[in-house]
Amino acid sequence: MADRTVVVVEDDDHIAELLELYLSRASFRVERAMTGEGGLALVGRCQPVLAVVDIGLPGNVDGFEVCRQLRARGSVPIVMLTARGDETDRVVGLELGADDYVTKPFSPRELVARVKAILRRSSGASPATNTVVVGEVVIDIGRHEVRRAGEHVDLAPREFALLAALAEHKGMVLSRRQLLDRAWGYDWYGDERTVDVHVGQLRRKLGDDLPLATLRRTGYRLG
Ligand code: CA
């Protein structure tokens, strides 16, 4: 079961214990750190399937910094825990590469549902090969692989899901709502700005090689 470990980085005992209880009921093994430094070390040691990271942590390394460093190291999915109603926190977290966030106070069941949804999306459930080529960019939807001019490009799971949704409808305009439904799932309550943040990430990583058009007040079109 070592491949089902979730690392929880949270200094609040009550919240951490709740998360451990619910995640272990869903047959995840939980490893917990109380500080950002501890969390980074723990992720290195346990190779978890996902990390849950609180933004407010004691010491020098807060949740944003944990997220930034984890993203620099690889593509472990990250769920941020944010304070109620703080949109800036949510947007910054997503810009740093978090895959999702839940707002405190949250239902542990909802968090477990989000964790499972992210893992379903990032597990490459469809074995069929389905490759879409746009300009210099090759998107292998079945294998969850993206190449730019022959070079592998490392995308976060949510960035890939967004790109795959656009690629599956190449040449068509998709609204932000349609993209949220396809890449985040119908049960996701986030606002449409989230799509813009992730499109910005895709443009940053794939640059001018990605023919991705923004249609004012309508949505996005690839190819
Ligand atoms: Ca905290």
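Predicted model: local features only at pLDDT ≥ 70, side-chain atom pairs only at ≥ 80, totals over all residues.

Reader: Let's start with β1. Which strand is joined to β1, and by how many bridges?

Author: That would be β2, residues 29–33, joined to β1 by 5 bridges, and the two run parallel.

Reader: Thanks! Is β1 buried or exposed?

Author: Buried: this holds for 5 of its 5 residues, so β1 is largely enclosed by the rest of the structure.

Reader: And which way do its residues point?

Author: T5, V7 and V9 point one way, while V6 and V8 point the other way, and all are buried.

Reader: Okay, new topic. Which residues are the protein donors of the calcium ion?

Author: They are D11 (OD), D54 (OD) and G56 (O), lying 2.2 to 2.4 Å from the ion. Their spacing in sequence is D-x42-D-x1-G. D11 lies in the loop between β1 (5–9) and α1 (13–25), and G56 in the loop between β3 (50–54) and α3 (63–73), so the pair ties together parts that are 45 residues apart in sequence.

Reader: Nice. How accessible are D11 and G56?

Author: D11 counts as partly exposed, at 29% relative accessibility. G56 is partly exposed too, with a relative accessible area of 45%.

Reader: What about holes inside the protein? How many cavities of 30 Å³ or more does a search of the whole structure find?

Author: The search finds 1 cavity of 30 Å³ or more. The volume of the largest cavity is about 50 Å³.

Reader: Which residues line the largest cavity?

Author: The lining is made of E87, R90, V91, L94, Y101, D191, R193, T194 and V197. By type, these divide into 4 nonpolar, 1 polar and 4 charged residues.

Reader: Which helices supply at least two residues each of that lining?

Author: Those are α4 (87–95) and α8 (193–206). The largest share, 4 residues, comes from α4.

Reader: And which domains does the lining draw on?

Author: At least three residues come from each of domain 1 (2–123) and domain 2 (131–222).

Reader: I noticed L94 in that list. How far apart are the C-alpha atoms of M80 and L94?

Author: They are separated by 8.7 Å, and the two residues are 14 residues apart along the chain. M80 lies in strand β4, residues 78–82. With a relative accessible area of 1%, M80 is buried.

Reader: Let's hop to the sheet with β10. In what order do its strands run?

Author: The order is β10-β12-β11, in an open sheet of 3 strands with antiparallel pairing. At the edges stand β10 (173–174) and β11 (212–215), each with a single partner strand, so one side of each is left without a neighbour in the sheet.

Reader: How many bridges pair β11 with β12?

Author: There are 4 bridges between β11 and β12 (residues 219–222), in the antiparallel sense.

Reader: What about A149, what is its phi?

Author: A149 has a positive phi of about 50°, although it is not a glycine. A149 is in the loop between β8 and β9 and counts as exposed at 52% relative accessibility.

Reader: Last one: where does G150 lie?

Author: G150 lies in the loop between β8 (145–148) and β9 (151–152). G150 is exposed, with a relative accessible area of 53%. From G150 to V137 the distance is 8.1 Å, C-alpha to C-alpha, and they are 13 residues apart in sequence.

Reader: Great, thanks for the tour!

Technical notes
Residues numbered from 1 in each chain as written. Heavy atoms only, no water. Donors = N, O, S within 2.8 Å, 3.2 Å for Na, K, Ca; no water. Buried < 20%, exposed > 50% of the residue type's maximum accessible area, 1.4 Å probe, protein only. 1 Å grid on protein atoms, 1.4 Å probe; cavity = no way out; pocket = protein on both sides within 12 Å on 5 of 7 lines; lining within 4 Å. Points joined across faces, edges and corners; volume = space filled by probe spheres on them. Nonpolar A, V, L, I, M, F, W, Y, C, P; charged D, E, K, R; others polar. Domains from an automatic or database assignment. Pairing = 2+ DSSP bridges.
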